[in-house]
Amino acid sequence: MRGRSDGSQKKPWLTAVVVLGILFVFLYVYFGSQSSGESALEYGSRSLRKLGSSYLGGDEDTDLGNKQDESSTIFRLDDGEDGISPKSFPVCDDRHSELIPCLDRNLIYQTRLKLDLSLMEHYERHCPLPERRYNCLIPPPAGYKIPVKWPKSRDEVWKANIPHTHLASEKSDQNWMVVKGEKIIFPGGGTHFHYGADKYIASLAKMLNFSRNNLNNEGRLRTVLDVGCGVASFGAYLLSSDIIAMSLAPNDVHQNQIQFALERGIPAYLGVLGTKRLPYPSRSFELAHCSRCRIDWLQRDGILLLELDRVLRPGGYFAYSSPEAYAQDEEDLRIWREMSALVERMCWKIASKMNQTVIWVKPLTNDCYMEREPGIQPPLCRTEDDPDAAWGVQMEACITPYSDHDHRSKGSGLAPWPARLTTAPPRLADFGTKDMFDKDTELWRRRVESYWNLLSPKVSSDTLRNVMDMKASLGSFAAGLKEKDVWVMNVVPEDGPNTLKLIYDRGLIGTVHNWCEAFSTYPRTYDLLHAWTVFSDIERKGCSGEDLLIEMDRMLRPTGFAIIRDKPPVIDFVKKYLQALHWEAVATTDSTDSDEDGDELVFIVQKKLWLTSESLRDSD
C-alpha cells in the first residue's frame with residue numbers, strides 16, 4: 001500500500017514498517033530453527049554466496065576458521081557431550097562446482113607457492129591449511145542429470161554434467177568424443193588409435209603372441225597403468241577382457257579428462273609423474289601404457305621411466321606408442337637412440353616392435369642387474385630404501401631390485417585371474433597367514449551380502465558403478481563385490497600397514513591416502529562410499545569429522561550412498577549432520593559379527609539430488 005505525502009501519514013507508516021520488521025525477524029528465526037522440512041532448492045537459494053572468504057584468500061579470522069575449531073570440538077567421541085550441529089551448510093559459489101581442494105590452482109596462486117613448472121610440481125597435491133579449507137557443499141552444474149548407467153555410460157554421458165566440450169573440437173580428428181545434442185558420445189578413439197581402442201588392444205596382444213589375441217593372456221595380465229590416459233577409452237575397452245586399468249592423468253591443459261572417465265564409469269585417478277612417487281607400491285602392474293602421452297622419459301636421468309620400472313611386476317611390459325618408436329626424423333631418431341640405451345641399462349628388452357609401437361619387457365630376476373659393469377647408470381636403489389612407500393615420497397633415479405622371493409621364483413608367483421582374487425598371494429607373509437586371509441575374505445563376503453540386503457529397496461543391478469572403499473585393509477570388501485557390475489577404488493591409510501600391495505596382488509586397484517585431506521578426484525564421481533572406522537581413525541589424529549563429511553559429500557554423486565561402519569558415538573555424530581548435508585537415512589543395524597568388531601553399527605545414507613535456484617535458472 002502506498003502512503004500519502006502529507007505529514008499526517010508519517011507516523012502510522014513508520015509504525016507499520018517497524019511491525020513488519022519485527023514480524024520478518026520472528027518468521028526468519030522461527031522457520032530457521034524449524035527447517036527440517038525445507039527443500040534443498042530453498043536451502044541453495046538462501047545460502048549460495050556464503051563461501052568462507054578465508055578460502056578465497058580473504059580474512060583468515062572469519063567464521064570459516066572459527067567453524068573449523070568448533071567442528072574439532074564437536075567430534076569428540078568419548079566426552080558424551082551433545083555438541084551443537086548445524087541446520088545447514090553454506091553452498092559454494094557456482095564457480096567451485098568442480099573444486100578439487102588439493103589440486104586447486106587458485107590456492108597455488110593465492111599462497112604464492114614456489115613450484116618448478118618444468119617438473120610438473122603445480123600438478124601435484126598441495127592441500128589448503130585447515131584455516132583455508134572451504135566449509136561449503138559443492139553445487140552440481142546447471143541442468144545436472146542422474147548419470148547414464150553402466151554399461152551404456154561407457155559410450156555416452158550427459159553434457160550438462162560435464163559442460164566442457166573443448167576436447168571434442170580439439171581432438172575432433174582423433175575420435176576422442178563428439179557432442180551430439182544433450183549428450184557427449186565416446187566413439188572409442190584416441191590420439192594413437194583413431195579407429196578404436198578395441199582394435200588397438202587386439203594389436204598389442206597380437207604383438208605379444210597372446211592366445212586368441214586377448215591381452216589378458218589367459219588371466220596372467222590383469223592390472224594395467226595407463227599414463228596420460230586422455231578420456232580413458234583404452235581402459236574402458238580393456239574391461240571386457242577382464243583387465244582393470246588405473247587410468248592416470250593430471251588436471252592439465254586437457255582439463256576434465258579424468259572427470260569424463262569417471263562419469264563414464266571407468267576406473268581413473270588424478271595424478272602426475274612429477275617429483276613424487278606415484279601412490280602405488282612396487283610390483284603392482286603387469287603392463288604400463290603410454291600412447292602419445294607427451295612425457296619426456298629422458299629427463300632427470302630417466303627418473304620417470306625408473307618410476308614405471310618400480311611399479312611394474314617382474315616380467316612386466318611397457319607399451320609405448322609414439323613417433324619416436326618409428327624414428328622418422330632426426331629428432332625422433334635422437335630420442336629413440338637415447339631411450340633405447342637407457343632401457344638397455346635398466347635391463348629391459350624389446351618384446352615386440354611394430355609401426356609406431358614398441359613393447360619392452362622387464363627381467364624376471366635380478367641376474368641382469370648383478371651382471372652390470374660397476375658404476376653404470378642408473379644405479380640400484382639403496383638397500384634401506386622401501387620400494388613400497390608411496391605417500392609423499394620423492395622419486396629417485398635408481399633401479400628397484402626384486403625381493404629375494406621374487407628373484408628365486410622368477411616372477412610374482414600370482415595365480416591367474418579370477419582365481420587370483422581369492423588366492424593368498426606370496427606377499428601376504430609380510431602381514432599374516434593364509435588362514436587370516438581366508439577368514440577376512442569370508443567375513444567381508446558376509447558383510448557385503450548384508451549391505452546389499454539393506455540397500456535392496458533402493459538399488460537395482462545398474463544403480464551403482466563407481467565404488468570406493470575408504471579403508472580397504474586386505475581388499476576383501478571389493479572381493480565381496482565380484483559378482484556385481486562395479487569397480488572399487490581401494491584406499492589404504494598412509495600411516496597404517498601398507499596392505500595396498502596385497503590388494504594389487506589380488507587383481508584389484510587402489511591408492512594410498514590420508515583422510516585428513518581431500519581425495520584426488522572431481523566432485524560427484526562415486527556412487528558408493530564405504531567408510532569402515534574411518535571417522536574413528538581421523539579422530540585419533542585430531543582431524544575434523546565435519547571436514548570428512550563435507551569431503552564425502554563432495555565425492556558422492558547425487559542419489560549416491562555411503563555405508564558408515566563405526567562405533568555408536570560416530571554414528572550419532574553423523575546423524576546430527578543429515579539435514580545439513582541433504583542426506584537421508586536408509587538403514588541402521590547392529591553388527592552381527594561374532595568377532596572383536598561386534599560393537600560396531602552400520603549406518604547407510606543416501607545423498608539427495610538438489611540444485612541451487614541459480615542452477616535451475618541457468619538451465620532454463
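In what order do the seven strands of the open sheet stand? The order is β6-β5-β4-β7-β8-β10-β9, and the pairing is mixed. Strands pair if DSSP finds at least two bridges between them; helices (H or I, at least four residues) and strands (E, at least two) are DSSP runs, numbered from the N terminus. This is a predicted model, in which local features need pLDDT of at least 70 and side-chain atom pairs count only at pLDDT 80 or more, while totals for chains, interfaces and linings use all residues. Residues are numbered from 1 along each chain as its sequence is written, and side-chain values use heavy atoms, with hydrogens and water left out.

β6 (268–270) and β9 (349–354) each have a single partner strand, so one side of each lacks a neighbour in the sheet. Five bridges join β9 to the antiparallel strand β10 (residues 357–361), where serine 352 stands opposite isoleucine 359 in β10.

Salt bridges (a side-chain nitrogen of Lys or Arg within 4 Å of a carboxyl oxygen of Asp or Glu) number 39 by this rule. Among them are the following.

| Pair | N to O distance |
|---|---|
| Arginine 220 and glutamate 218 | 3.5 Å |
| Glutamate 338 and arginine 334 | 3.0 Å |
| Aspartate 553 and lysine 607 | 3.8 Å |

Aspartate 553 lies in helix α18 (residues 545–555) and lysine 607 in strand β17 (residues 601–607), so this pair ties together parts 54 residues apart in sequence. Both aspartate 553 and lysine 607 are buried, whereas arginine 220 is partly exposed, at 46% relative accessible area. Buried means under 20% relative accessible area, exposed over 50%, and partly exposed in between (1.4 Å probe, protein chains only).
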